[in-house]
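Reader: Please show me the sequence and the structure, and then let us go through some questions on what can be read from them.

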Amino acid sequence: MKITKVKGLAMALAVAATVLTTAAPASAATVRTYTYTYTYNTRTSLASLLSRYYPQVQITWYTPKTTQTTVKQPSQPTQQTQQPKPQTPTSAQQSPQTPVSGLTAAEQQMLNLVNQERAKAGLQPLQADLELTRLARLKSQDMINKGYFSHNSPTYGSPFDMMKANGITYRTAGENIAGNQSVQAAHTALMNSSGHRANILNANYTHIGIGIVEGGPYGMMFTQMFVGR
């Protein structure tokens, strides 16, 4: 069963051993050359030692050249992985599988099923509206309590009367109701009905309230309230 109503417009030093060499200067008489390979703490200490025992010797220091070679390593290419920027879903871009706080497990399941159908049809998912959800639960409970199955409630009137009385604004609105033993069975029955299917796949709707209450002659009572804003 379907009711539709339109209202208004709408992320290093190199290390090398040092060889020390001393040589006596040439003289007119005799030339003597002394060569020492010596390891000592410092040159100053060695010079002091030599000058003490060989005061006539002139000391000349030779320091072998030390070549420091720096091997340049080839630079590694920098691999940059560009992470996709996370997108914050808007009300029309929310994932059909995103859990909505405030819904029961059964209501979340039905919301997922509805949005899966819309995705297959190339439509934007419906955003769960918790105030509409509250009204849909009241409607389902009212049908159980009063023993009726109709869009017109003896308690709340039409779905549009109920929305207006609770401050719900919309450009277009509709309602689906069902009685069945499971969420999947109810969804299948709704999709097999042209009028209910039209509501589920209405491109003008943007929000939905789903109220599921256990009880009544069918086992569970389902109310879907749709609005387009």
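Author: Before the questions, a definition: buried means under 20% relative accessible area, exposed means over 50%, and partly exposed lies in between, with a 1.4 Å probe and protein chains only. This is a predicted model, in which local features need pLDDT of at least 70 and side-chain atom pairs count only at pLDDT 80 or more, while totals for chains, interfaces and linings use all residues. Residues are numbered from 1 along each chain as its sequence is written, and side-chain values use heavy atoms, with hydrogens and water left out.

Reader: Is Gly157 buried, partly exposed or exposed?

Author: Gly157 is found in the loop between helix H3 (130–146) and helix H4 (159–165), where helices (H or I, at least four residues) and strands (E, at least two) are DSSP runs numbered from the N terminus. Leaving aside neighbours within four places in sequence, Gly157 is in contact (heavy atoms within 4.5 Å) with His151 and Asn152. Because its relative accessibility is 22%, Gly157 counts as partly exposed.

Reader: Which residue is the bridge partner of Gly209 in E5?

Author: Two strands pair if DSSP finds at least two bridges between them. Strand E4 (residues 207–214) has 7 of its 8 residues buried, and 8 bridges join E4 to strand E5 (residues 220–228) in an antiparallel run. Within E5, the bridge partner of Gly209 is Met225.

Reader: Which residue in E4 is the bridge partner of Ala128?

Author: Strand E2 (residues 127–128) also pairs with E4, in the parallel sense and over 2 bridges. The partner of Ala128 in E4 is Ile208.

Reader: How are the rings of Tyr205 and Phe226 arranged?

Author: Rings of Phe, Tyr and Trp (its six-membered ring) pair if their centres lie within 6.5 Å, and planes under 30 degrees apart count as stacked, over 60 as edge-to-face and the rest as tilted. By this rule the count comes to 2 aromatic pairs. Because the ring centres of Tyr205 and Phe226 are 5.2 Å apart and their planes are at 20 degrees, the pair is stacked.
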